[in-house]
Amino acid sequence: AQRNPGQPEFLQAVTEVMESLWPFIESNPKYAEHALLERLVEPERIIQFRVSWTDDKGQVQVNRGFRIQHSMAIGPFKGGIRFHPSVNQSVLKFLAFEQTFKNALTTLPMGGGKGGSDFDPKGKSPAEVMRFCQAFVSELFRHVGPDTDVPAGDIGVGGREVGYMAGMYKKLSNTASSVFTGKGLSFGGSLIRPEATGYGTVYFAREMLATRGQSFEGKTVSVSGSGNVAQYAVEKAMELGAKVVTVSDSSGTVYDAAGFTPEKLAILMDVKNHKYGRVSDYAKLVPGVEFLAGKCPWSIKVDVALPCATQNELTEADAKALIANGVLCVAEGANMPSTNEAARAFEAAGVLYAPGKASNAGGVATSGLEMSQNAARLSWPAEEVDARLLQIMQGIHAACVKYGKREDGTVSYIDGANIAGFVKVADAMLAQGVI
Ligand code: NDP
């Protein structure tokens, strides 16, 4: 805490991982050597820069840009770019730290990184968003490259923004190298990448449910968020026979007792992805749904909860409400949406609980598949990418079970994910010496 003052999110993420690792390291003392842990909590490099751009009124605006290059131990730095007013060094350091473990869990050769800006895309014109993306990349481009650091999207950065950034990178570097993932299909993107995080989260939850002889069929599911991850989590859960009763954004929750249908999801996607609207706008278009202003979905009784919005959106009190309502499984599509207290409350109550670094790894895994396709100058059919995604999620589930099994036969997915990710990164660091 003394070395990282004013960085609560980063300290929260490190605490969660260290609580899992401590007993493991005590019984595997080779990992206590060579200041391995001290090195692992220190990003290899932090880049902070000014982003100046001109708005539609001709006024000059100044934002702060960052790239946290956390660990290159197992491959190039890899992780998304976030545009949200809450972005600061603490948030990005926590995300880059988590990303390092998550990427290791995918078994693909990717290190960990994260970047972004405190730029708020809400209410900006398309031309302003493009100018901002170009200004952001005019500095970022010198720090990234296909074998150095490969960014992607995250909150506030979807296909449109990745396109603008990849275009500017191409112009400045005079290479067509694929330094962003999540690109459009016409310039090197992969099929299934937009769907991958949401689908992957549901695939992971399906594996968890199967350990108790259960499935999504007939289950009631709540989803928070309404962006990229949430939309495809809703789609896949529906496809598997679940009734999805909520989506949300920072303005509130939409509760739909009858459950989503493909038609309703198409309306939500249009509101969110094309009109850049709010879930309250969606609620006005769909009869029979209720808009709960300022509320999260967690007080609603469900069998499965999929938090897909943002960090710390699910508190200990929310966890207790879900548990009291008999929740069976919680799989995180977002990064660290549950506070540490909420996560431990789920485990203590015997709820199947998956931390984001395990259950939402499908997005970055498919980014890794996009890198492979780009390197081979090929594009795989959707079925092939989806099959590999499923296989990777099953592999991560198996790794969590292997490293997280308790003496009584139950599984701590928190410990399993942290230890499995750590072992891969730590072994690579030990083999490459003190650097
Ligand atoms: P989007 O920008 O597409 O959607 C974000 C959603 O979360 C929106 O509904 C947004 O609502 C809501 N949200 C964001 N910040 C807040 C906040 N402070 N309070 C309440 N709601 C908020 O982002 P993604 O769907 O891509 O990302 C969602 C989560 O998933 C993030 O935690 C991200 O790191 C994680 N993730 C994403 C991956 C990907 O492939 N995209 C991969 C792995 C993890 P509003 O519009 O009101 O802000």
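How many of the 15 residues of helix 13 are buried? Before selecting anything, bear in mind that this is a predicted model, in which local features need pLDDT of at least 70 and side-chain atom pairs count only at pLDDT 80 or more, while totals for chains, interfaces and linings use all residues. Residues are numbered from 1 along each chain as its sequence is written.

Select residues 362-376, which form helix 13 (helices are DSSP runs of H or I with at least four residues, strands are runs of E with at least two, and both are numbered from the N terminus). Of its 15 residues, 11 are buried, meaning that 20 or more other C-beta atoms, placed from the backbone, lie within 10 Å of a residue's own; among them are Gly-362, Thr-366, Ser-367 and Asn-374. Show next what covers the buried residues, including strand 3 (77-83), helix 6 and helix 14 (382-404).

Now move to Ser-190, in the loop between helix 5 (159-173) and helix 6 (193-210), which counts as buried because it has 24 C-beta neighbours inside 10 Å. Its C-alpha atom is separated by 7.9 Å from that of Ser-367, 177 residues apart along the chain. Leaving aside residues up to four places away in sequence, Ser-190 touches Thr-366, Leu-369 and Glu-370, among others, where contact requires C-beta atoms, placed from the backbone, within 7 Å.

Finish at Arg-377, which follows helix 13 and has a positive phi, near 55°.

Key:
Buried ≥ 20, exposed ≤ 12 C-beta atoms within 10 Å, placed from the backbone. Contact = placed C-beta atoms within 7 Å. Expected span 1.5 Å × (residues − 1).
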